[in-house]
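Here's a quick briefing to read with the model open beside you. Have a look at the fold, then go through the points below.

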Amino acid sequence: MNRGEMIDVLATTGLFGGVGRPVLEMVAAGTHPRVYARDQFLWYQGDPGDRLIVVVDGLVKVVVHGMSGDQVVLAALGPPETLGELALVDRRPRSASVIAARTTTALLINRSVLLDLMQRDSGFLESMLSSLGSILRRLTEQTADMVFLDLGGRIAKLLLSLGEEHGRQSRGTTLLELRLTQTDLAQMVGATRPAVNRVLQSFVARRLISIDGHTITIHDDTALRRRAGL
């Protein structure tokens with residue numbers, strides 16, 4: 001990936017989209033592209049927060065590991081999402097691991113470049129604060145869902161969210177071709193795989209969705225919205 005292509009990618013992100021071309025050129029000078037294989041860690045929970053990542057192509061999972069070895073998937077993110085803002089700002093170790101859910105191309109931006117940019121450009125600083133606010137809102141919503149929605153509601157809401165962010169429209173349906181396993185989905189809604197499988201099969205029986213391998217097709221998003229309380 002050349003410098004011009006990196007600048008074009010940076011310009012599509014919410015974090016860098018509001019800065020001028022000269023600033024993007026400066027950021028690109030401190031940016032390095034890298035390709036990660038499926039299941040490869042982009043970083044581990046507890047690693048130093050020395051870089052920010054922009055997803056160019058593919059999909060990553062943000063995962064928190066418990067002391068017992070259990071894990072929770074906080075989010076599945078694709079292009080042009082940015083990851084790693086929190087550790088860059090508070091200088092604490094990474095609060096979660098990031099794992100490639102499939103082959104993923106990413107841009108790695110050094111922390112020093114971003115700190116310098118925050119000092120120089122108030123617009124970028126505002127974008128960084130907005131990004132941190134979005135992370136907090138997402139985590140707050142996930143916590144509320146765990147309290148107020150039953151498992152069927154959480155799964156319906158997750159499918160709708162994944163469809164909006166990563167789905168492909170085809171003949172009035174939404175195809176999710178993310179290669180996320182039912183274990184991944186279970187970790188995203190705080191349940192066991194068998195429990196998630198039962199809910200998914202009930203959705204299939206009601207013709208709300210269909211499943212073919214790792215591909216889920218949403219046929220009735222209106223019914224899923226009702227199930228999710230939306």
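**An exposed phenylalanine**

Phenylalanine 148 is exposed, with a relative accessible area of 69% (exposed means over 50%, buried under 20%, partly exposed in between, with a 1.4 Å probe and protein chains only). This is a predicted model, where local features need pLDDT of at least 70, side-chain atom pairs count only at pLDDT 80 or more, and totals for chains, interfaces and linings use all residues. Residues are numbered from 1 along each chain as its sequence is written, and side-chain values use heavy atoms, leaving out hydrogens and water.

**Around Phe148**
- Phenylalanine 148 sits in helix α5, residues 122-148 (helices are DSSP runs of H or I, at least four residues; strands are runs of E, at least two; both are numbered from the N terminus).

**Helix α8**
- With 13 residues (193-205), α8 reaches 18 Å from first C-alpha to last, close to the 18 Å expected at 1.5 Å a residue (that is, 1.5 Å times one less than the number of residues).
- Ala195, Val196, Val199, Leu200 and Phe203 are buried in α8.
- Down the α8 axis, the buried residues fall within an arc of 135 degrees, so they line one face of the helix (the arc is that of the directions from the helix axis to the C-beta atoms).
- Exposed Arg198 and Ala205 are carried on the α8 face turned away from the buried side.
- The buried residues of α8 pack against α6, α7, β11 and α9 (contact means heavy atoms within 4.5 Å).
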